[in-house]
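The entries follow the order of my reading.

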Amino acid sequence: MKLNTLEDLHRYLDKIPMFKDRGTEAARFELERFQRFCKAIGDPQETFRSIHVAGTNGKGSTCRIVSTVYHVAGYKTAMYTSPHLMDYRDRFQIDGELIPESELLHFFNSFHELLERHQLTYFEISTAVAFWWFCRQQVDLAVIEVGLGGRLDATNIITPEVSVITNISLDHTDILGNTVEEIAREKAGIIKAGRPVVVGNVGDIAKAAIKDIADHHDSPFFDAMTLQPRFEDRVPVIGQGTDKLKLETSLESSVQMYNLAVAWQVISIQKERFPISEKQFKQAVKEIRTIFTLPGRFEKLHPQLNWYFDGAHNIEAVEALISTVSTIASLDRSILVLSIMRDKVTPEIMAEFQKFKKIYYYTEGSKRAANVGDIVKWVPEVQIISGDKKEQVRLLKELKSELVIFAGSFYFYATVQKWLKSLHPNH
């Protein structure tokens with residue numbers, strides 16, 4: 001096998017089952033095979049320091065905040081996140097730069113025989129690319145996002161400086177457990193002996209479960225919610241008294257305050273090894289959208305349109321989305337354009353989405369995608385977006401003056417961007 005272009009690479013990767021299409025059928029919940037592959041390529045994950053971030057919601061945004069802060073402070077900082085929304089290379093960033101095409105092709109051309117022999121999953125391959133590239137680039141610090149769960153996630157072969165658990169709620173219950181406590185224990189599987197753990201807005205039941213595991217590993221435990229993240233006169237604030245920090249940020253979502261508190265807690269407990277000043281933290285938070293790309297988190301899609309995209313697809317994330325939209329305008333003035341995976345269509349989630357004044361539905365081209373029939377029984381008045389491109393453009397033009405929220409699945413993002421380009425070709 002010889003891959004000469006990114007198109008060759010995409011054809012190769014497209015043959016591997018993705019979680020997007022196959023769900024748990026595309027995953028493998030054991031680490032031994034992946035560990036053997038990494039050992040065969042020199043255990044690159046052991047050559048750099050890292051921060052490991054798990055959580056039901058907020059882990060991607062927290063990775064972005066932490067990465068930006070360390071970059072602004074002058075450290076060579078890597079970030080690995082998933083899934084990618086537009087470009088496979090988006091998963092791998094160093095100081096805001098995507099992995100070069102030549103490096104990506106070099107990895108696959110160098111290790112294709114090992115990849116075939118070990119039969120890695122799509123996510124395992126991506127994780128291996130991240131470890132390999134961060135090693136080659138000799139980064140000072142890598143911020144690594146867990147793919148799913150924690151204990152048996154491919155990323156969990158690292159020994160991080162700090163483990164982070166941003167949030168716990170019921171999601172992927174078929175894999176991680178049916179209760180908050182069970183899910184918390186799975187995610188707490190990233191905690192390593194003697195290494196500190198930071199938790200965000202996880203709730204009392206999850207916090208107790210995580211602290212129990214941290215105590216078992218003699219891992220110092222830090223609760224970022226003691227920083228009391230809040231708004232004072234619409235100004236984001238964390239900390240109290242002389243430690244009080246007033247922040248300026250473009251992060252519109254109110255739940256981002258929890259992520260900011262987690263980031264500051266992580267940075268505070270690492271100050272001896274990676275010194276960061278308050279000034280640098282404030283500067284990074286102010287510049288948060290300009291360095292590391294992480295689209296789809298209540299993202300304003302175009303300066304001339306009141307359109308936003310948010311990948312909210314579980315109950316807590318959807319509730320947070322509703323809360324954020326309510327700070328912009330009343331929900332009866334907002335339009336929802338929804339596309340969602342079938343396994344996310346629950347009474348609780350659909351009840352939240354029904355708060356919008358008008359709902360349109362588009363069926364994504366994925367085997368896991370909910371079809372019209374799955375949605376109509378919850379939202380009988382839903383309006384269907386057809387597959388006809390002319391009809392799509394006509395509808396989008398009608399919505400140009402409206403507050404529109406595109407939501408339901410991160411996999412919907414690429415479609416929305418194509419729609420946007422049909423209206424604004426230079427976007």
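Entry 1. I began with a network of salt bridges that links Arg49, Glu161, Arg195 and Arg273. A salt bridge here is a side-chain nitrogen of Lys or Arg within 4 Å of a carboxyl oxygen of Asp or Glu. By this rule I noted 19 salt bridges.

Entry 2. I recorded that the model is predicted, that local features need pLDDT of at least 70 and side-chain atom pairs pLDDT 80 or more, while totals for chains, interfaces and linings use all residues. Residues are numbered from 1 along each chain as its sequence is written, and side-chain values use heavy atoms, without hydrogens and water.

Entry 3. I then turned to Arg185, which pairs with Glu181 at 3.5 Å between the closest N and O atoms. Both residues belong to helix α8 (residues 180-187) and stand four residues apart, about one turn; helices are DSSP runs of H or I, at least four residues, numbered from the N terminus. Arg185 also forms a salt bridge with Asp212, at 3.2 Å. Asp212 lies in helix α9 (residues 204-216), so this pair ties together parts 27 residues apart in sequence.

Entry 4. Arg185 is partly exposed at 31% relative accessible area, a class between buried (under 20%) and exposed (over 50%), with a 1.4 Å probe and protein chains only. Glu181, at 39%, is partly exposed, and Asp212, at 41%, is also partly exposed.

Technical notes: Helices (H or I, at least four residues) and strands (E, at least two) are DSSP runs, numbered from the N terminus.
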